[in-house]
Amino acid sequence: MNSALYPYFPSPETGELWIPPPLRMKRVICVDGNVRADVILLSINMLWAGVMSRGTRYFEIVTPRVRVVARNQFDCQSLEGAGLENRQTNTEDCFGSH
C-alpha cells in the first residue's frame, strides 16, 4: 500500500472519500526526517504522526475500522491505529508504506 493512494480510499461506513477533492498540499516532515512541501494533506481522522522516545518519526492509520482490527489483532484495546513502516520504503512515499 502506498500513501499516494490514500485520497482514493472511501470510508466503509459512509462510502465518501476520506480526503474529498480538491486535494491540498502541505509541508510535512517525512519518516526519514526530510521535509517535503508536496504532500497531500490527510485527514486527522485517517493518519496520525508521532515521534518515539529516541526521535524516530512514525505515522499510523487511525480510521475506525483499522483501529478495531489492530486492537483485536494485538489484543490491546489502547491502540489508536496501525503503525506504518517507520522508515521510507519508497522514494515517493513520505509516510512509510506497509
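Biologist: Where does Glu 16 lie relative to strand S1?
Modeller: Glu 16 sits in the segment before strand S1, which covers 25–29. Keep in mind that this is a predicted model.

Biologist: Is Glu 16 buried or exposed?
Modeller: Exposed. Its relative accessibility is 56%, and the exposed class means over 50%.

Biologist: What is Glu 16 in contact with, leaving aside neighbours within four places in sequence?
Modeller: Phe 9, Pro 10 and Ser 11.

Biologist: And what separates the C-alpha atoms of Glu 16 and Val 28?
Modeller: 25 Å, with the two residues 12 apart along the chain.

Biologist: Switching to the sheet. What is the strand order?
Modeller: S3-S4-S5. The sheet is open, has 3 strands and pairs antiparallel.

Biologist: Which strands stand at the edges?
Modeller: S3 (47–51) and S5 (82–83). Each has a single partner strand, so one side of each lacks a neighbour in the sheet.

Biologist: How many bridges link S4 and S5?
Modeller: 2 bridges, in the antiparallel sense; S4 spans residues 57–61. Ile 61 has Ala 82 in S5 as its bridge partner.

Biologist: Now the core. Which residues touch the most other members?
Modeller: Tyr 6, Leu 47, Phe 59, Leu 84 and Phe 95, out of 15 residues in the largest nonpolar core. In soluble globular proteins, nonpolar side chains tend to be buried together.

Biologist: What is Leu 47 in contact with, beyond four places in sequence?
Modeller: Its contacts include Phe 59, Leu 84 and Phe 95. Leu 42, Glu 60, Ile 61 and Val 62 are also among them.

Conventions
Residues are numbered from 1 along each chain as its sequence is written. This is a predicted model: local features need pLDDT of at least 70, side-chain atom pairs count only at pLDDT 80 or more; totals for chains, interfaces and linings use all residues. Side-chain values use heavy atoms; hydrogens and water are left out. Two strands pair if DSSP finds at least two bridges between them. Helices (H or I, at least four residues) and strands (E, at least two) are DSSP runs, numbered from the N terminus. Buried means under 20% relative accessible area, exposed over 50%, partly exposed in between (1.4 Å probe, protein chains only). Contact means heavy atoms within 4.5 Å. A nonpolar core is a set of buried Ala, Val, Leu, Ile, Met, Phe, Trp, Tyr and Cys residues joined through side-chain atoms within 4.5 Å.
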